[in-house]
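Subject: Structure handover

Hello,

Here is the structure I said I would pass on. My notes follow below it.

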Amino acid sequence: MRHLTVSGFGDFLGVHGNRLIVRNGDNVILETALSRLRTIRIDKSVSLSSNLILACAARGIRIYFLDWKGVGVVEVSGMHRHAVVGVRKSQFECLKSLQAQLLAKEIIFSKIRNQRAVLLYFSKYLMKRETAYGLLLRNAGTRLEEISNLLNTRASGPDWKNTVMGLEGSASLIYWNALKEARLLPETFQEREGRGSTEITNAALNYGYAILQSYIQNALGNAGLEIYAGLLHADRAGKPSLVLDCIEEYRAWVVDRNVISLRCKLGSEQNFLDTALKKQLVELIDKTMSTKINYSQKQCKLENVLQRQVYKLAGAIVEGKCYRGIRFKW
């Protein structure tokens with residue numbers, strides 16, 4: 001366990017020696033070595049000791065406090081950071097250059113290709129029992145591939161951001177409609193809705209993205225990048241634009257697939273996202289991030305791949321190196 005999420009009402013986190021203790025009343029729920037942890041995500045109605053905060057800060061363990069939507073709104077971390085001034089100066093300079101445009105296009109290209117990978121992943125199984133739906137997903141995947149290729153020919157000039165976002169929006173519409181028409185999502189799902197949605201599938205997706213966001217933010221922090229200065233998403237107070245940029249490549253494979261795997265429970269057994277379902281989704285996402293994939297001719301955990309990709313992004317920002325987004329194999 002590298003990433004711990006605590007969401008039980010009345011849970012308390014403390015420390016004993018080099019071990020983290022989670023209690024609820026007199027009951028010990030969990031005991032684990034601090035050396036095994038990288039981040040701790042804390043939901044509402046959970047408390048913790050100042051000794052634990054100090055112990056985590058000394059070991060570089062970041063603590064995220066989540067709001068009711070599962071979004072990290074507070075980060076507690078130690079002051080012993082790597083030298084980041086040079087990295088961030090280069091980042092701000094990069095935002096004004098052609099390199100920022102190339103990086104943003106590559107990120108969205110990878111996002112669309114990974115949406116395609118998810119469609120083909122499920123198509124492979126549907127072709128065995130529901131051929132019509134399998135073909136529907138294949139055809140949608142072909143359309144996504146065509147849209148992704150347009151990024152290299154159309155997204156240029158002073159209005160490149162609007163063009164990129166327009167192509168990304170078109171691809172997302174095809175993607176979600178295909179999943180809905182292939183009955184991979186519950187009937188309650190009509191369209192993709194952002195934060196604040198009360199529809200259970202959208203609520204699960206939003207919660208899953210919030211958990212994934214903590215992985216992205218942790219990786220960017222390790223690389224010394226400024227999370228509020230994005231390549232594509234607009235700057236706005238309190239908006240971690242670079243986190244929202246980087247998360248695009250991973251949304252479909254890490255979160256969407258796992259939410260689809262829970263479709264039998266979404267909208268049928270219940271119509272709201274309760275603590276038990278949140279816990280199950282967190283476990284699925286953490287398991288996905290711990291799964292090994294082929295990367296640079298090696299088997300690496302996806303979490304480690306994410307960190308390496310962020311370091312490569314930092315290299316592209318600081319030194320102008322080439323960056324290639326992650327492409328998942330279906």
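Which residues of α9 are buried? Buried means under 20% relative accessible area, found with a 1.4 Å probe on protein chains only. The buried residues of α9 are Leu-277, Lys-278, Leu-281, Val-282, Ile-285, Asp-286, Thr-288 and Met-289.

First, two notes on the source. This is a predicted model, in which local features need pLDDT of at least 70 and side-chain atom pairs count only at pLDDT 80 or more, while totals for chains, interfaces and linings use all residues. Residues are numbered from 1 along each chain as its sequence is written, and side-chain values use heavy atoms, without hydrogens and water.

Helices here are DSSP runs of H or I with at least four residues, and strands are runs of E with at least two, numbered from the N terminus.

Helix α9 covers residues 275-290. Its 16 residues should span 22 Å at 1.5 Å a residue, and its end C-alpha atoms are 22 Å apart, so the two values agree. The expected span is 1.5 Å times one less than the number of residues. The buried residues of α9 pack against β1, β5, α6, α8, β10 and α10.

Gln-309 sits in α10 (residues 302-319). Gln-309 counts as buried because its relative accessibility is 4%. A polar atom of the Gln-309 side chain lies 3.0 Å from the backbone oxygen of Arg-324. Beyond its neighbours within four places in sequence, Gln-309 is in contact (heavy atoms within 4.5 Å) with residues including Glu-249, Tyr-295 and Ile-326.

Regards

Definitions and conventions: Buried < 20%, exposed > 50% of the residue type's maximum accessible area, 1.4 Å probe, protein only. Polar contact = N/O pair within 3.5 Å; in protein donor to acceptor, adjacent residues only side chain to side chain.
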